[in-house]
Amino acid sequence: MAEVVAVIASTHHPFYYRASTATGEDRPPFADEWVRKITAFRETLTKANPDVLVMVGSDHFHQLWLDNMPQFLVGKAPFYDANWYNEEREFGLPRMLLKGQEDLSAHILRAGLDEGFDLAFSNELRIDHSVTCPIITLRPEADLPIVPIYTNIFAPPLPQPKRFVQLGRAIREIVESWPSHLRVAIIGTGHLSLELGGPRQFGPHGPDPEFDRKAVEWIATGDLDRCLAEVTLDSLHSPGNATHGFMDFMLMMGVAGAGQKADHVDSLDLFHTMEAYFTWYPNGAPR
Amino acid sequence: MSKYLVDKFLFTIDRDPELVERYREQPRETVEWWEVERANAVLNCHAGEASTWLCFTDEEREALTSHDHVKLFELGAHPFLTLTLFIAMFERDHGPLEYQKAYGARLAHFDLPYPDIAT
């Protein structure tokens, strides 16, 4: 059976690519520290030596739209074109082409449906920065095949937070039941407190540092009970109007398992949001 | 009632570089053209499968033609769509983050809960 060699959760700040590649006067003052943290974070995946990446993210009204909106969607394609014109325009993100792992996609779809998750699928999925940003930060070679899984954290009505946790648990079990010798890393990106298009956007910090502090603690310690007790669809409006992306962090807590402490925890207080990085090694830290 | 159509306008303009420029330079003409020619296109269907019933309210049409992002927020347009499109149109006229901060400041009179964005 396949082995889950790393579980990784992070934010997906689209400005990292431009900040980390900028030089001279264009290079922002926080870039060097940001690169140092990302380099250490990247090493946690490199050490795990994965063969395949399962990538959980949220489409930002690129591929998915309100005429036909899935709640959870699994990509099943041999290749994925990546990044969109408006991401190139705003963030300078490069166009990318990533390989798919169709056998694992098929297994996740079959087993996920059998487990009671009515997963949508796509045979022609162009992916966006929620998946490409962790490729840029964690595996810039972009050489490993992926299975993209998209969640709706964006277009009400949204699934309940507990459903994200349940799906995370199921993904872990399904990947571990995949009849393969390959080593799989499961990587997901979400948000801490975040406001976009509202009065609290683009402040010197995330809009709710107290929420960020609690959220990092919940994730780092795997405290799903407290997290689920405090987080509801309604409450997630308070830390910022884009904070529902936190549910993708909750999904990854489900993947990691209740009570599981992360092996790598780091954060960076940036303008407009707090970056946060977590890695779990289910079978112990690689040597 | 037609909140979805406002979002659809923002979504379809934002994905097309030529339409971004056209909406920046000629907002009234672009909104009128789009409502007549594009509003009822069922996305991902071929051109013969249009719907027949989508149109803006007068208030929505005016908010779009006047580039009034505050009014669009009040009407429940999806804030991510409005922000990304307006950044594409107007950030170029300002210094780093200047436009985004001013954009937020113009919304300062809104308290939680913000207008409902469900379509």
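**Exercise 1. In what order do the 8 strands of the open sheet in chain A stand, and is the pairing parallel, antiparallel or mixed?**

Solution. The model is predicted, so local features need pLDDT of at least 70 and side-chain atom pairs count only at pLDDT 80 or more, while totals for chains, interfaces and linings use all residues. Residues are numbered from 1 along each chain as its sequence is written, chains are lettered from A and ligands numbered from 1 in the order in which they are written, and side-chain values use heavy atoms, with hydrogens and water left out.

Step 1. Strands (E, at least two residues) and helices (H or I, at least four residues) are DSSP runs, numbered from the N terminus. Two strands pair if DSSP finds at least two bridges between them.

Step 2. The order is β6-β3-β7-β2-β8-β1-β10-β9 (chain A), and the pairing is mixed.

Step 3. β6 and β9 (264-270) of chain A each have a single partner strand, so one side of each lacks a neighbour in the sheet.

**Exercise 2. Describe the surroundings of strand β3 (residues 72-75) of chain A.**

Solution. Step 1. With strand β7 (residues 146-151) of chain A, β3(A) pairs in the antiparallel sense over 3 bridges; here Phe72(A) stands opposite Thr151(A).

Step 2. With strand β6 (residues 120-122) of chain A, β3(A) pairs in the parallel sense over 3 bridges, and Gly75(A) stands opposite Ser122(A).

Step 3. In a regular strand the side chains alternate between the two faces of the sheet. Phe72(A) and Val74(A) on one side, and Leu73(A) and Gly75(A) on the other, are all buried (under 20% relative accessible area, 1.4 Å probe, protein chains only).

**Exercise 3. Which element gives the most to the lining of the largest cavity?**

Solution. Step 1. A cavity is a set of points on a 1 Å grid over the protein atoms alone where a 1.4 Å probe fits but cannot get out; lining residues have an atom within 4 Å of a point. The count comes to 6 cavities of 30 Å³ or more, and the largest holds about 50 Å³ of space, volume being the space filled by probe spheres set on the points, which are joined across faces, edges and corners.

Step 2. Residues lining the largest cavity include His12(A), Trp34(A), Cys133(A) and Tyr277(A).

Step 3. α5(A) gives the most, with 3 residues.

Conventions
On a 1 Å grid over the protein atoms alone, a cavity is a set of points where a 1.4 Å probe fits but cannot get out, and a pocket is an open set with protein on both sides within 12 Å along at least five of seven lines; lining residues have an atom within 4 Å of a point. Buried means under 20% relative accessible area, exposed over 50%, partly exposed in between (1.4 Å probe, protein chains only).
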